Amino acid sequence: MTPPDAPQNRWSDLDRPPLNVTALRRGLLRPESLWSELEVVETTGSTNSDLAERARSGGLAEGTVLVAEEQTAGRGRLERSWTAPPRSGLFFSVYLEPGDDVPVERWRWVPLLAGVAAATGLAKAAGVDTALKWPNDLLVTVEGEERKAAGILGEFAGDGIVVGLGINVSLRADELPAPTAGSLALAGAVSTDRETLLRAVLRSLEHWYGEWRAAGGDAAASGLQAAYAAGCATLDRTVRAELPGGNSLVGQAVAIDGDGRLVLSTEDGLQQPVSAGDIVHLRGAAGGLT
């Protein structure tokens with residue numbers, strides 16, 4: 001037992017054991033699996049940046065997974081930073097090549113697909129109710145309030161797309177980066193074992209990616225569009241879309257269309273699809289601003 005006054009280091013938190021890469025590979029890298037390579041590093045700037053650089057250099061196999069125990073320059077949408085204590089969450093990226101069977105214009109569904117997969121996998125493995133906030137956030141409920149517990153970032157690289165996920169698993173209240181942030185632990189997760197959660201998310205991602213790709217990237221035919229809409233906390237709420245270029249649009253979120261865009265019904269009766277932007281929930285079942 002370590003004396004309380006013994007020197008501590010960044011890896012000494014016994015509540016946050018390191019990932020067992022051997023066990024993860026044994027459970028995920030099967031001959032028939034999508035996942036072809038899995039690496040766990042102690043620290044890196046950004047798993048997305050690392051995989052994207054490798055993809056641009058050529059030779060990166062589809063199904064490569066890169067996991068970091070800590071990210072020092074993690075990136076969210078619009079180049080926002082994503083930071084968390086070492087081993088307090090799951091910080092990983094995957095490389096996918098939808099190929100010629102899926103038109104490139106349908107690849108925009110991949111980050112949304114990752115959101116559905118993460119929500120499904122975490123609900124089963126962590127026992128936590130989750131909701132999707134369009135386009136790339138995963139929400140949990142902490143003390144009656146919606147909080148962001150995960151973010152997703154996709155970027156084209158090489159012949160495919162790199163998708164990164166950052167999931168707050170065991171963050172305590174005093175470790176949260178912002179009042180609007182949350183974690184699975186704070187949401188009452190029945191399990192915060194990161195290996196169990198990572199396997200669940202990757203297996204769910206493999207399932208949804210397989211269904212979507214088999215349907216030629218058709219989100220409706222694969223069931224992805226309906227699944228996203230069913231789990232989306234943004235729909236049926238009044239929201240403000242903060243658009244690229246500094247403009248904004250207020251309306252009721254009424255649908256996710258076939259291209260993965262959020263459709264807003266505005267006061268003038270128009271239905272306006274939004275393909276990119278920050279979404280602020282103004283009113284809805286949960287109340288308040290999110």
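Helix H3 (residues 109-126) lies across strands E5 (89-96), E6, E7, E8 (145-157) and E9 (160-168), and it runs at about 35° to E9. Helix H4 (residues 194-214) also packs on the sheet, where it touches E1, E2 (64-68), E5 and E9, its direction making about 30° with that of E5. Contact here means heavy atoms within 4.5 Å, and angles, from 0 to 180 degrees, are taken between N-to-C directions of axes fitted to C-alpha atoms, for helices over the stretch in contact. Helices (H or I, at least four residues) and strands (E, at least two) are DSSP runs numbered from the N terminus.

The model is predicted, with local features requiring pLDDT of at least 70 and side-chain atom pairs pLDDT 80 or more, while totals for chains, interfaces and linings use all residues. Residues are numbered from 1 along each chain as its sequence is written, and side-chain values use heavy atoms, leaving out hydrogens and water.

The open sheet has seven strands in the order E1-E2-E5-E9-E8-E7-E6, with mixed pairing; its edge strands, E1 (37-41) and E6 (131-133), each pair on one side only. From one strand to the next the twist averages 20°. Two strands count as paired if DSSP finds at least two bridges between them.

E12 and E13 form a hairpin with five residues between them, and Gly269 in the turn has a positive phi of about 90°.
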